[in-house]
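Please look at the sequence and the structure first.

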Amino acid sequence: MRILVTGGAGFIGSHTVDALLSKGHEVRVYDNLDPQVHGKDAGVPDYLNPEAEFVYGDVRNREGLKAALEGVDGLFHLAAAVGVGQSMYEVQKYVEANTLGAAVLLDLLVNHKHQVQKVVVASSMSIYGEGQYLCEQHGDVFPSLRSAGQLEARAWEMRCPHCFKIVKPVPTSEEKPLFPTSIYAITKRDHEEMFLTIGRAYNIPTAALRYFNAYGPRQALSNPYTGVAAIFSSRFLNHKEPIIFEDGRQSRDFIHVSDIVQANMLAFEREGANYDVFNVGSGVQTSILEVAELLGKMLAPDIKLQVVGQFRQGDIRHCFADISKIKDRLGFLPEVDFKDGIGELVDWVRTQEAEDLVESARAELIEKSLVK
């Protein structure tokens, strides 16, 4: 099959390209080489497999995208502007790149002849907002954002929306009501809902994957809005303290990029994925402080961690994946243990240079009153 991967020169995209080529597919990459991800005046990254056809283009460019779809049998739509905090003050940029970009692609699939037989679209755990919690009195509960008063009091943990007692985080299932807390998250919800709606209406088998916190080689180290493992790595690489918000005990689900790719392949190949959504995570809860400590020991053991006690507007406390659905339906099983995966990330980081832009990004968030 000939497969188009939008955003195929990026972190997850390039690894997906490798997997598709290894399975004998022809692959076309469509990517705008965003300077925030690839650096100013960057060309095609060295890590992109030369067996793939590369097409420079933006998903908002209708004619360019139309040409890229020519002769394509399968589609991975991974292209997106990524940055939770930045999306809250570059609203137009994120809505245009993500929601409008998705609309252009879908409009082409609806109104022009094509031979696309399967679509996999990248969604995000960010669309959940807060994760799922268990209250001793009220069972499963879905609290929304913490109040300004609670955050200002530095009372970090979530409380039951009914009895206001502290609740325990539990794995978040696909059935949890969506409550996106950033413009980025809203655009990712748009992605999955738009693609699944068009897929069902026009009988184009489509699967939406809600990626949790991906990490691994090729993640953009100079992008201060990328994943936290890459941001911390960049700080350590530049001999600077990582900035840890709240008390550092907020938790996420970290999944190695190779396991993301495994899920991508299963969703593409299995009919059981059609017209449905799946969490893609490790199912393991890991605190931000644990990530920083592990990276620090490996990259810069002499640097102390900086837990600032500040909070960012819209940040959630805990969210980790219930992966029973993707296990049962698609046979997905995460293979990379977090410590092993971090070791691989560190080995790669040591071969890289990174421009540290974290302080400037933090200054922008403070200026916009998004950090307090």
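## Ring pairs and a cluster

Two rings of Phe, Tyr or Trp (its six-membered ring) are a pair if their centres lie within 6.5 Å. The model discussed here is predicted. In it, ring pairs join Y215, F254 and F338 into a cluster. The count of aromatic pairs comes to five.

## W156 and F311

Why is the pair of W156 and F311 edge-to-face? The planes of the two rings are at 65 degrees and edge-to-face applies over 60, so the pair falls in that class. The ring centres of W156 and F311 are 6.4 Å apart.

W156 lies in the loop between α5 (148-152) and β8 (168-170), and F311 in the loop between β16 (306-307) and α10 (324-330), so the pair ties together parts 155 residues apart in sequence. W156 counts as buried because its relative accessibility of 9% is under 20%. F311 is also buried, with a relative accessible area of 2%.

## A charge over a ring

Which ring does the charged end of K325 sit over? The ring is that of F278, and the charged end of K325 is 5.1 Å from its centre.

Definitions and conventions. Residues numbered from 1 in each chain as written. Predicted model: local features only at pLDDT ≥ 70, side-chain atom pairs only at ≥ 80, totals over all residues. Heavy atoms only, no water. Phe/Tyr/Trp six-rings, centres within 6.5 Å; stacked < 30°, edge-to-face > 60°. Helix = DSSP H or I, 4+ residues; strand = E, 2+ residues; numbered from the N terminus. Buried < 20%, exposed > 50% of the residue type's maximum accessible area, 1.4 Å probe, protein only. Lys NZ or Arg CZ within 6 Å of the ring centre and 35° of its normal.
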